[in-house]
Amino acid sequence: MAGVIRQPIDQEALERYLKQNVPEVKPPLELKQFGFGQSNPTYQVTDATRKRYVLRKKPPGKLLSKTAHQVDREYRVIHALENTDVAVPKAYCLCEDESIIGTAFYIMEFLDGRMFENPSFPGVNAEDRREMWHDAIRTLGKLHRIRPKDVGLETFGKPAGFYNRQLRTFGRLAESQAAAKDKDSDEAVGQLPHFDDFISFFANNQPKDRGVLVHGDYKIDNLVFHKTEPKVIGILDWEMSTVGHPYADLTNLIEPWTVSNATPSWPRIHADHAFLHPSREGSKASDFPGLPTREEAVKWYEETAGFDIPARELAWATSFALFRDSIIFQGIAARYAVRQASSEKAMAYGNERGPFAEMSWGMVSSVKDGKSKL
């Protein structure tokens, strides 16, 4: 929800810029900052006609990572997808002049729909719950069917070597984030367990390249659903988008099943009894009728994307997804340490870095042993 502005921006300067560059937005403006999100501060902008927009900006101060907070990439991919069958908000402008409000920002359409933090869709009936999951997966398949060059994104990323680039990028991130020291205690965030062994393992036996557009953080709480219908009307938070491997998005989306059934999984922020297999003690799957199984979700994806996924490749990619998540959580911990985090939940999320690394390592072992039923 939008509320008190914790990171103020120069409203007069913003209004002058929009008057000159985005005449659709009519000043004077009302600004409210959204309370969710870990990375780029996000604001609801209401203009004089009461029409709402969204402003996304880089956080203030020296940034720990050159690859995160790339609002220019968010704008570029959203704008490129506007005339496709992939649901995205309309993008109005990108301002890279930091003298306007202190950091680069862009303005996009406000999508008046529903957002769900919990992927079990509490409060939704069985038929809609199933169809909302189906459409979330269908929407992802549509994204992965698009050829980058067909929407002017042939230079958005390299068509091959995705997982090797991910290893290099996230490896460097982990090194810099581990060295970040808490502003008050001066204690370093520290490196992830098994880090060197992870790097060695993931450099080998990678799935074949596919070179599609990937969102980079595709999950239920980055989707906006229609106010009354069980369908996706927009995908948000594109800062990590690139040309890459579709498994990265798919494993991220189906992670509720992965984490909930992994060891150790309790207590975990992303573990949910609704996704725990019915045969497991404590499962609440029966309380959420319509929720598909992990196997059904993968099958739906294969049907829309148009290719089959070998079990071992999915197992490898699932292990990598948890490893990547552990580094993202480490990044949240590092931003919290230097007080750049934009969410009150930052400390709790940052503390997930160790457990996620351990879950990934357990799955790495299963892949090595040939037991790839993840």
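The structure is a predicted model, in which local features need pLDDT of at least 70, side-chain atom pairs count only at pLDDT 80 or more, and totals for chains, interfaces and linings use all residues. Residues are numbered from 1 along each chain as its sequence is written, and side-chain values use heavy atoms, with hydrogens and water left out.

**Exercise 1. Strand pairing**

Task: Determine which strand is joined to β4 by a hairpin, and trace the pairing onward from β4 to β6.

Solution. 

Step 1. Strands (E, at least two residues) and helices (H or I, at least four) are DSSP runs numbered from the N terminus. Two strands pair if DSSP finds at least two bridges between them.

Step 2. Strand β3 (residues 42-46) runs antiparallel to β4, with five bridges. Tyr43 has Leu55 in β4 as its bridge partner. The two strands, β3 and β4, form a hairpin with five residues between them, and Arg50 in the turn has a positive phi of about 75°.

Step 3. Strand β4 (residues 52-57) is also joined to β6 by five bridges, again in antiparallel fashion. Here Val54 stands opposite Met108, while Tyr53 stands opposite Glu109.

Step 4. Strand β5 (residues 91-95) is antiparallel to β6 as well, through four bridges; Cys95 lies opposite Phe105 of β6.

Step 5. Burial is then assigned (buried: under 20% relative accessible area; exposed: over 50%; partly exposed: in between; 1.4 Å probe, protein chains only). Five of the six residues of β4 are buried, so β4 is largely enclosed by the rest of the structure. Strand β6 (residues 105-109) is mostly covered, with four of its five residues buried.

**Exercise 2. The largest cavity**

Task: State how many cavities of 30 Å³ or more are found, and which helix supplies the largest share of the lining of the largest cavity.

Solution. 

Step 1. A cavity is a set of points on a 1 Å grid over the protein atoms alone where a 1.4 Å probe fits but cannot get out; lining residues have an atom within 4 Å of a point. Points are joined across faces, edges and corners, and a volume is the space filled by probe spheres set on them.

Step 2. The count is one cavity of 30 Å³ or more. The largest cavity holds about 60 Å³ of space.

Step 3. Helices α4 (162-179), α6 (246-253) and α9 (311-337) each supply at least two lining residues. The largest share, four residues, comes from α9.

Step 4. The lining, which includes Phe162, Asn252 and Arg324, divides into six nonpolar, three polar and one charged residue. In this scheme Ala, Val, Leu, Ile, Met, Phe, Trp, Tyr, Cys and Pro count as nonpolar, Asp, Glu, Lys and Arg as charged, and the others, Gly among them, as polar.

Terms used: 1 Å grid on protein atoms, 1.4 Å probe; cavity = no way out; pocket = protein on both sides within 12 Å on 5 of 7 lines; lining within 4 Å.
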